[in-house]
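Open the structure in your viewer and keep the selection panel at hand. The stops below are meant to be taken in order.

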Amino acid sequence: MTSVVTSHEDGHHGPAKGLMRWVLTTNHKDIGTMYLWFSFTMLLIGGAMALIIRAELFEPGMQLIEPEFFNQMTTMHGLIMVFGAIMPAFVGLANWLVPMMVGAPDMALPRMNNLSFWILPFAFGMLILTLFSEAGAPNFGWTFYAPLSTTYAPSSVTFFIFGVHLMGISSIMGAINIIATILNMRAPGMTLMKMPLFVWTWLITAYLLIAVMPVLAGVVTMMLMDIHFGTSFFNAAGGGDPVLFQHVFWFFGHPEVYIMILPAFGIVSQIIPTFARKPLFGYASMVYATASIAFLSFIVWAHHMFTVGLPLATELFFMYATMLIAIPTGVKVFNWVSTMFRGSMTFETPMLFALAFVVLFTIGGFSGLMLAIAPADFQYHDTYFVVAHFHYVLVPGALFAIIAGVYYWIPKWCGNYYNETLGKWHFWLSFIGVNITFFPMHFVGLAGMPRRIPDYALQFADFNAVASVGAFIFGFSQLLFLYIVITTIRGNNKASAEVWEGAEGLEWTLESPAPYHSFSEPPEVK
Amino acid sequence: MISRTGLRLSSVITAMFVSQSAAAEWGLNMPQGVTEVSQSIYDLHMLIFWICVWIGVLVFGVMFYSIYKHRKSKGAEPSKFHESLTLELLWTAIPTLILILMAIPATSTLVKMYDASDAQIDIKITGYQWKWEYDYLGEDVRFFSNLATSKDEIYNKQEKGENYLLEVDREMVIPTGVKVRFLLTAADVIHAWWVPEFAVKKDAIPGYVNEMWVNVPVGKEGIYRGQCAELCGVDHGFMPVVVRAVSQDDYRAWLAEQVAAKAAEAAAALGDFSHEELMTKGAEVYASRCAACHGQNGEGMGTVFPALKDSAVALGDVQKHIDVVLNGTPGTAMQAFAAQLNDVELAAVVTFERNAWGNDTGDTVTPKQIIDARNQ
Ligand SMILES: [Cu+2]
C-alpha cells in the first residue's frame, strides 16, 4: 500500500492500478464493488441451477436430469442464493453506503474488510467444485437435516462443512466491521436517532449475524464430529437426537431469514421518501419495529418444525410468538404506505422496484401469517406453498430491494445515470416473470405437491409448466440488468451530486461519483 | 421431445387465456378433506385467507390511490406531515385484535388434533428409504408399501397412468367410523407421512415415535393418496402413501385374508423351485426393490451405492451374501430385507444377483436356505 500512499500529491489518493488494486484494497468502495459483483455472479450461477430445476419440472416424468442431480441442484441453488447472492449483496451495499451515510472516510476496520471479502470466493469455489467430484455435490437440501446430511451424506459434505465455516467467519467479520463503523465513526451531530434507516437496519442485522453465525458453525461442527469422529449428536442409534439438529439449525435459521430482509427494509425506507418527496412517516416507530422483529426472530424458530411432534404447549407458544411478528411487520408496511399518501410521487426504476417490494413482500407476509397458524401448517408444511412463501419474501422481497438499491445509488457510485427506459423494461420483465413463476406455486402447494421432488403427479402439471415459463422470463431479464449496469459504468450521462430531486442524506452531499475516500473531513449534521 | 414440449406449452397457454373453467379443475386450493379435523383446518385456512385478502385490499387500496392521485405528473404538492401517535397506536392495536381472533380457533383445532386418546386401532408406520412399512399392532399383519409406477412411465417410455406416482403395490387399509392411531417412526433418515384429505402429516424420525390419528366417517369409504413430505434422499419423490378406507366388515375380512395369505406363502416356501423360476422372479424383485440404489444393471450409483456386478459379495460366499440382504449393513443405506421380502423372493433375488450381468457363479439359492439363515 505504501506505493499508493507515495503516489498521491494532491492529498487525495486514488486507487492503485491493475489487478493488485482489487487483491490488496482496503477501500470500502472497492470492497463494496467486489462484494456486489461476487453476489451478482452467484445470482447467475444459482439462477442457472434454478432454471435447470424448472426445466426438469416443466412437465411430469424425468426428462433432462436424474433425481440425484436434481437434489444436488435444489441444495446448491438454496445455499448459493442465501449465502452467496443475497447476504454478500447486502454487505456490499453496506460497504459502499454506511461510511457515506454516517459521514466517515472509510470502514472502521479496512484490512479485516479485505479479508472478509476474499474468503468468500474460496468458500464458494470449494462448494461449487464438489459438483465435479465423484460423489457429487451436497444433495440434502439447504437445510441439511441430519441424519440425511451425516450418516447418509455423500463424502462432499466435509467440503460443505468447511465452506460453511468460511462463510460464517466472513459474515462475522463483516458484521463486526459494520458495527464498529456505525458506533465509532459517525460524524459529529449524527446521533443514533438521526441515522438513515438503512444504517439502522444494518446495525441490527449485524448484531443478529454475530449472534447466530456461531450457532451455524456449531451445528456443522457437530455434523463433522458425527461423520468423522464417531460422536452421535444426531444419530439416534448412538443415543443422539435428530430433532436436536433442527432446533439448533433453526435457532440460526430463523434470525437468518431476518438477516436477509432487514437491510431490504432499510433500502426501501430510503427510496420511498425520496420519490414521494415526503419524509418517512414514522421514523422512530420504524426503528422500534426493526428492533422488535429482530428480538422476536430468536423465539420463533420452531415454527419451522410444527410437524416434528413437539408437545402441544410448545406448538402453541411458537404459534403465538410467530403471529406476533405480523405486528411490527405491519407497522412497517403501514408506514411506507402513509409515506406515499399525499406525497408527490414519481416512478423511476428504483421506486418501481420499491413499490413492487411493498406489494409482493406483503403477499409473502400474508402467506407467512397463514403458515404461522400451526394446525393449518400441518397441511402447508413442506409443500410448494412454503416454496411460494419464501420466494415471495426473498425474490421480490430481498432481491428486488437490492436491485432497487443498485438503481438508486449507482449514479452516486459511477457518476452516471443508468438508462431509464431500459431500467423500466427490466422492472416490468422482472415483475411479470417473478409473479408467473411463484404465484402458481401457492396453488400446487395447497393442492398437495410436496417440495423438493424431481417429478410429480399429473394434476400438478399445468401450474408447474406456467411456473417454468415464468422462471425463464425472470432469469433471462437479469441479463438485461447486467447490460444496464455495464453501460452505466461506461456511460457518460453525468449525474449531479444530489442525483434525485427529493433525496436526503449525507451521501447526496458528496459529488458524483463519490470520491475514493468518502469524507476526509467530518461533515456537519444538522 | 421438442414437439411434445411445444404441445404442452401451447395447451398451457390456451388453458390460461381461453378457458376459465379449466382453472377450476386445476386444483387451486387446499382440499376440504373427509374428516372433521381436515374440515376445521380448511375453515381456518379460509378464514385467515380472507382476513389477509381484506387487509390487502385496504392497504394496497390506499397505496394505489396515492399512486394514482398523488403523483407529481398530476401536480400533487407533497405535504410534510409525519409521525402520528394515534395512527401508530391504532395500527398496532387493530392487528393485535385480529391476531387474537385468529388464535382462538387455531388453538382449539390444534388441541383437537393432539388428542389421540381412545383410538381403537393402532398402526405402526415406519419410513424407509423409499417405502413405508405398515404394522397392524396386535394383529399378525405387517407389510411394505412400495411405489407401483413403472420406470418406463417415469422415463416417458410408456404413457403415464391416472395415478402416476401416487400408486403403490400394497395400500394401507383402515376401517371407517373408527378412530385409528398411527405411531410413526423411521428406520434411516427423516420422512414425513402425509395424506392431504385427512389433514394428517407428521415427520417419521429415527429414534422417535410420533403419534397422530384419523377417523374417516362412515360413508367416506374410498382411496386416499398422499406422498412423503420430507426430503429423504434420491427417491424422495417416489414414495407415495395410499390408504384405502373400507367399512368395518370389509376391514375384518381383509385382515383375515392377509393372515391366510401369509400362511400360504410360508407353505409355498417349502416347495421346490427351478433355477429358471428363481431367476425370473429374482429379476422382478431386483428391478422393484434393489435397482433404485444398485442400478438397473447392477452397476451401482456414485460412490455411496456399490455395484453388485463383479462385487466380491455377489461372487463370494453365499452365506455372506444372504446375510447382507437379510440383515442389511447397519449405518448405511443398505436395509435389512428380512421383513420386507418373503423367503421365495429373497432366494430369488440372491440367485439373480449371483447369476445376472456376467456374475456367472451358477449358484441356486433356495427358499429353504433362506429359512435356515433366518433361524440362525
Ligand atoms: Cu421419505
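Predicted model: local features only at pLDDT ≥ 70, side-chain atom pairs only at ≥ 80, totals over all residues.

Residues are numbered from 1 along each chain as its sequence is written, chains are lettered from A and ligands numbered from 1 in the order in which they are written, and side-chain values use heavy atoms, with hydrogens and water left out.

**Interface.** Select chain A and chain B: 106 residues of chain A are in contact with 99 residues of chain B (contact means heavy atoms within 4.5 Å). Between them the two chains bury about 8,900 Å², 69% of it on carbon and sulfur atoms; buried area is the accessible area (1.4 Å probe) that two parts lose on being put together, summed over both. On the chain A side, A:Y152, A:F281 and A:Q379 lose the most area to chain B, together 9% of what that side buries.

**Salt bridges.** There are 16 salt bridges over all chains, and the count between chain A and chain B is 1 (a side-chain nitrogen of Lys or Arg within 4 Å of a carboxyl oxygen of Asp or Glu). Select A:E501 and B:K72, whose side chains meet at 3.1 Å, N to O. A:E501 lies in the segment after α17 (461–490) of chain A and B:K72 in the loop between α3 (36–69) and α4 (85–114) of chain B, so the pair joins two chains. Helices (H or I, at least four residues) and strands (E, at least two) are DSSP runs, numbered from the N terminus.

Next, select B:R244 and B:E171, with closest N and O atoms 2.6 Å apart. B:R244 is in strand β10 (residues 240–246) and B:E171 in the loop between α5 (151–154) and β4 (172–175), so this bridge ties together parts of chain B that are 73 residues apart in sequence.

**Cores.** Which residues have the most contacts inside the largest nonpolar core? Select A:F83, B:Y136 and B:W193, in a core of 277 residues. A nonpolar core is a set of buried Ala, Val, Leu, Ile, Met, Phe, Trp, Tyr and Cys residues joined through side-chain atoms within 4.5 Å, where buried means under 20% relative accessible area, exposed over 50% and partly exposed in between (1.4 Å probe, protein chains only). A second, separate core of 24 residues includes B:C290 and B:W357.

**Surface.** Finish at A:Y207 in helix α7 (residues 197–228) of chain A, partly exposed at 44% relative accessibility.
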